[in-house]
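Biologist: Please take me through this model, and begin with the terms you use.

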Amino acid sequence: MEKYIRNNRAAFDDAPLPEGHRERFAARLARVRRRRIVVRLSGVAAAAAMVAAVVWFQGVEKNNCRLSPELADVNAYYSYELSEEVARAEELVRSRGVGERLELMAAVAEMHRESDALLATLCQAEIDTSQAIILVVEHYRLQIDAMEMTVESLKNTLL
């Protein structure tokens with residue numbers, strides 16, 4: 001078919017375009033461009049989330065600070081629980097606008113910074129391991145609760 005069109009191009013060049021063709025084509029092209037931008041931004045967001053997760057999990061031994069094995073285990077458990085809730089939120093926000101996805105990413109990044117700051121403080125403070133564990137658990141429970149509320153809010157706005 002392509003060969004026939006190429007060989008008989010003059011026959012096809014004379015026909016006027018149907019009414020509204022250019023507008024429909026421009027609208028379709030705009031949708032394709034938006035979709036490509038969203039796909040690219042989604043890829044960038046996923047890569048940024050992976051980098052943030054790696055940095056976050058390496059935060060346990062920052063600045064030559066070694067947490068007790070018990071505290072490191074508690075931190076790993078609750079950071080995993082939080083990451084599960086974040087994944088739920090990311091799944092719900094995936095179909096939304098770029099602004100909402102970036103807003104969620106900013107909130108998650110702030111949670112990471114808060115967690116890193118808490119761990120750094122616990123490393124510098126001379127505090128009993130059991131008290132440090134209580135602080136870490138309370139810290140993560142607040143973050144997990146906030147993310148659960150975010151997930152519920154996202155679910156309710158999708159209905």
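Modeller: Helices (H or I, at least four residues) and strands (E, at least two) are DSSP runs, numbered from the N terminus. This is a predicted model, in which local features need pLDDT of at least 70 and side-chain atom pairs count only at pLDDT 80 or more, while totals for chains, interfaces and linings use all residues. Residues are numbered from 1 along each chain as its sequence is written, and side-chain values use heavy atoms, with hydrogens and water left out.

Biologist: Which helix holds H139?

Modeller: H139 is part of helix α6.

Biologist: Is H139 buried or exposed?

Modeller: H139 counts as buried, at 16% relative accessibility. Buried means under 20% relative accessible area, exposed over 50%, and partly exposed in between, with a 1.4 Å probe and protein chains only.

Biologist: Leaving aside neighbours within four places in sequence, what is H139 in contact with?

Modeller: Apart from those neighbours, H139 is in contact with E114, S115 and L118. Contact means heavy atoms within 4.5 Å.

Biologist: Let us step back. How many helices and strands does the protein have?

Modeller: There are six helices and zero strands, and the order from the N terminus is α-α-α-α-α-α. Of the 159 residues, 24% count as buried. Among contacts between residues at least 6 apart in sequence, 75% join residues at least 24 apart.

Biologist: Turning to α4, how many residues has it, and what does it reach from its first C-alpha to its last?

Modeller: Helix α4 has 25 residues and reaches 36 Å between those atoms, close to the 36 Å expected at 1.5 Å a residue. The expected span is 1.5 Å times one less than the number of residues in the helix.

Biologist: And what should α5 span?

Modeller: Helix α5 (residues 98-124) has 27 residues and should span 39 Å at 1.5 Å a residue; its end C-alpha atoms are 39 Å apart, which agrees.

Biologist: At what angle do the axes of α4 and α5 cross?

Modeller: They cross at roughly 175° and come within 11 Å. Axes here are lines fitted to C-alpha atoms, for helices over the stretch in contact, and angles run from 0 to 180 degrees between N-to-C directions. Helices α4 and α5 are therefore roughly antiparallel to each other. Angles over 145 degrees count as roughly antiparallel, under 35 as roughly parallel, 65 to 115 as roughly perpendicular and the rest as oblique.

Biologist: Which residues in α4 and α5 meet?

Modeller: On the α4 side they are L71, N75, L82, V86, A89, E90 and V93, and on the α5 side E100, R101, L104, V108, M111, L119 and L122. The buried residues of α4 include L71, N75, L82, V86, A89 and V93, and those of α5 include R101, L104, V108, M111, L119 and L122.

Biologist: A change of topic: how many aromatic pairs does the structure hold?

Modeller: It holds two. Rings of Phe, Tyr and Trp (its six-membered ring) pair if their centres lie within 6.5 Å; planes under 30 degrees apart count as stacked, over 60 as edge-to-face and the rest as tilted. Y77 and Y78 are edge-to-face, at 4.9 Å centre to centre with 85° between the planes. Y78 and Y140 are stacked, at 6.3 Å and 15°.

Biologist: Where in the chain are Y78 and Y140?

Modeller: Y78 is in helix α4 (residues 69-93) and Y140 in helix α6 (residues 129-158), 62 residues apart, so this pair links distant parts of the chain. Y77, Y78 and Y140 form one aromatic cluster.

Biologist: How many salt bridges does the count come to?

Modeller: The count comes to five, a salt bridge being a side-chain nitrogen of Lys or Arg within 4 Å of a carboxyl oxygen of Asp or Glu. One of them joins E85 and R88 at 2.6 Å, N to O. Both residues lie in α4, three residues apart, about one turn of the helix. E85 is buried at 9% relative accessibility, while R88 is partly exposed at 42%.

Biologist: What are the closest N and O distances for E91 with R94, and for K155 with E152?

Modeller: For E91 and R94 the closest N and O atoms are 2.6 Å apart, and E91 is partly exposed at 49%. For K155 and E152 the distance is 3.7 Å. These two lie in α6, three residues apart; K155 is partly exposed at 40%, and E152 is partly exposed at 42%.

Biologist: Why do residues three or four places apart point the same way?

Modeller: An α-helix has 3.6 residues a turn, so residues at that spacing point the same way.
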